[in-house]
Amino acid sequence: MNHSLNRVALSALLASVCLFSATGYAKAPSSEIPEKREFPLSTTTNPCEDFHKYVCSEAEASFKLRPDRSHHLFAFSDSRERLLEIKKKFMAELPQKKGLSERSEQMRDMYMSCMDPKARANSEKAEVKKFQKDLKDIETTEELVTYVNTHASKGLFGPFVWMGNTPDLDNPKKLNIIIGGSLMNLPDHKYYEDAKLMADYKKLLTSFFKAIDPKVKAADAEKRATDLVELEKDFIKVFPVAAVRRQRWSERFLSTQEDTIKKYPNLKFEILFKKTPKDALVSQPIAETATFLNEELPKRPLAVWKDYLLVKNLSDQMDDAYPKFFQQNFDFEKKYFGGPDTRSVRAERCTDMVTEYFMKELDAALVDQVFPNFDEKKVQDVAESIRASILEGLKNNKWLSSEGKKGAIAKIKVARLQLVKPHSDKEWDFMPIRKYTKTDLMVNKHLYREAAHSKMMKELQEPANQDAWGMGPLTVNAYYSENENKFVLPIGILQYPFYNKDGSLIENLGAVGAVVGHELGHSIDDNGAKYDSEGRLKQWMTQKDVFDFAARQKKLVDQFNKAEHDGRLTLGENTADLVGMTFAYNAAFPEGKGSVDDKKKFFVAYGRLWCSVTRPDFEKLMRKTDPHASGAARINEQVKQQPAFAEVFQCKAGDKMTLPENERVQIW
């Protein structure tokens with residue numbers, strides 16, 4: 001029931017960077033997204049008092065959020081909206097095209113099965129009926145677990161625990177198994193403390209049972225909902241909060257398959273591991289879920305577990321055939337999590353779904369049309385200038401030991417940069433080809449999940465493909481991978497204001513340069529610093545370095561806590577922002593040399609990356625779950641750390657955008 005919300009939230013928190021060339025396939029509606037948005041500086045705000053307001057207030061005040069959006073982060077969302085219009089046009093034309101490749105046929109058929117409301121309604125009803133029948137025939141909890149694990153490879157939407165693969169912590173070129181899961185349907189623990197929300201949540205679950213079984217008695221449906229709420233409340237008592245979960249991913253939680261099977265006999269992992277390589281270890285960063293399930297499965301009635309699976313597997317699929325329940329779910333998300341006022345049009349929803357499932361396939365069909373003759377060398381030059389700036393900073397570092405310096409420099413020096421777009425099949429790493437239907441969306445979704453499972457199992461048998469891109473090139477984002485020690489910068493982000501192909505080097509360093517520095521900064525943030533230059537979980541700092549590093553980061557945690565954020569949850573991103581801005585500035589102004597006007601332009605270029613308009617309840621959701629700070633904090637709390645900012649804007653001691661020297665944080 002929370003699944004659609006989590007995808008929306010996830011897309012918001014993954015946002016990192018963007019640009020758009022007006023040449024190519026299509027333009028966004030001019031009434032909504034300008035070709036190049038203006039960010040007029042405030043004439044009534046002192047930048048030393050509130051730099052976010054100085055840079056962003058005019059643009060934010062003049063912008064009206066679309067009714068079908070919860071959030072608009074200009075630097076990201078403008079580019080996304082432009083690219084979305086291109087993808088919508090492409091997908092709308094695809095069914096009429098002849099001689100399509102197998103990859104394009106997959107996208108076409110998935111899109112067509114989504115676009116037909118009558119066929120989709122029939123597909124949803126058949127899915128609900130079949131899943132109910134399957135569960136009805138199961139008589140014991142053991143049979144239920146067997147059914148779930150057996151059907152995991154066949155495309156089951158929601159198993160008790162999911163299985164994937166992950167690089168080995170000591171040899172990243174080898175893949176291990178990873179298992180995880182959660183019984184928490186709301187986005188964060190704190191929501192369970194809201195009595196009004198929980199009352200409405202129970203009503204929503206009650207409506208779900210009435211929707212899939214119109215003959216159910218109201219009292220029975222309410223009792224079933226109450227049992228599920230109690231299950232979730234018991235689960236969150238042991239489930240770690242977001243900040244702890246984030247930390248776990250860079251810690252060692254490994255066991256053999258045999259030991260995992262013995263530890264959780266009620267989860268019957270032997271079924272999941274039946275075809276996995278026997279030497280593959282099992283990584284389980286969030287073990288609390290499996291522990292809870294193993295203990296509780298025999299204790300609670302079988303009916304409760306069946307109801308849990310009904311909600312997990314069906315609630316997010318119920319749309320055209322169940323308009324009343326869908327609207328209740330939509331209204332619940334709007335009321336408590338800042339969901340939009342209206343949903344987007346069907347063509348957009350179906351395009352988004354194709355993008356989610358076939359991101360790289362769609363991008364491969366469009367990237368050269370959208371960005372023809374793109375100058376990759378210019379981007380490479382910016383990235384290498386940031387790398388050089390970080391290396392210079394590390395050489396001059398005052399607190400790292402010689403051993404620590406050596407490890408940090410090695411990481412940055414050999415970090416791979418995958419820029420603009422994939423250039424080989426290994427980098428593209430497409431999904432396996434399947435024959436989809438034009439009329440049955442649920443069948444297609446199961447088939448896609450089966451293909452994904454098949455791909456995952458095949459990958460477990462082979463050396464890790466460290467060349468594969470984790471996102472399509474038209475993604476308005478960027479990322480750093482600790483296990484591979486590589487930074488990926490897709491062409492999708494290389495649009496204004498992140499990148500201006502006609503702009504000065506200083507302007508681009510303040511924008512996309514800060515992004516490059518940010519992502520490379522993840523290699524030496526609180527989690528990335530645990531991995532060495534080869535991507536192994538291996539400490540390269542001395543114990544004294546680790547102690548000093550933690551003390552410096554605590555200042556950053558405390559600073560963002562004071563700014564009404566979870567400083568621990570946002571620590572990695574805040575560290576990366578600090579590294580990004582610091583070394584982008586050093587690259588733009590070696591030894592601090594440069595005009596005051598250019599330095600002001602640099603900080604303004606950085607600031608406008610984080611101008612945004614957000615629904616209040618969506619902002620609350622992000623504060624609880626997003627490892628990134630809000631736009632205002634990413635601007636104001638970062639410029640405070642820069643002595644050059646105070647200098648060029650002539651800020652005085654005591655101004656809000658300044659910090660005493662002993663309170664500033666210098667990581668590297």
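**Pairing order.** I numbered the bonded cysteines of the protein chain in sequence order and got the pairing 1-6, 2-5, 3-4. A disulfide is a covalent bond between the sulfur atoms of two cysteines. My cut-off for calling one was a pair of cysteine sulfur atoms within 2.5 Å. By that rule I count 3 disulfides.

**Ground rules.** I'm working with a predicted model, where local features need pLDDT of at least 70 and side-chain atom pairs count only at pLDDT 80 or more, while totals for chains, interfaces and linings use all residues. Residues are numbered from 1 along each chain as its sequence is written, and side-chain values use heavy atoms, with hydrogens and water left out.

**Cys48 and Cys651.** I looked up this pair and found a disulfide with an S to S distance of 2.0 Å. The link joins distant parts of the chain, 603 residues apart: Cys48 is in the loop between α1 (3-14) and α2 (51-61), and Cys651 is in the segment after α27 (643-648). (Helices are DSSP runs of H or I with at least four residues, strands are runs of E with at least two, and both are numbered from the N terminus.) The torsion about the S-S bond is about -85°, so I wrote this disulfide down as left-handed. Are the two ends buried or exposed? Cys48 has 2% relative accessibility, so Cys48 counts as buried. Cys651 has 14%, so Cys651 counts as buried too. (Buried means under 20% relative accessible area, exposed means over 50%, and partly exposed is in between, using a 1.4 Å probe and protein chains only.)

**Cys56 and Cys611.** These two also form a disulfide, S to S 2.0 Å. Cys56 sits in helix α2 and Cys611 in the loop between α24 (596-607) and β9 (612-614), so to speak distant parts of the chain, 555 residues apart. I noted a torsion of about -75° about the S-S bond, so the disulfide is left-handed. Both cysteines are buried.

**Cys114 and Cys350.** Here the sulfur atoms are 2.0 Å apart, and the two cysteines form a disulfide. Cys114 lies in helix α4 (residues 102-115) and Cys350 in helix α15 (residues 346-357), so the pair ties together parts that are 236 residues apart in sequence. The link has -80° about the S-S bond and is left-handed. I found both Cys114 and Cys350 buried.

**Lys53.** Next I checked a lysine in helix α2. Lys53 has 42% relative accessibility, so Lys53 counts as partly exposed. Lys53 touches Ser42 and Thr45, if I skip residues up to four places away in sequence. (Contact means heavy atoms within 4.5 Å.) I also saw that Lys53 and Ala632 are 579 residues apart in sequence but 8.1 Å apart in space, C-alpha to C-alpha.
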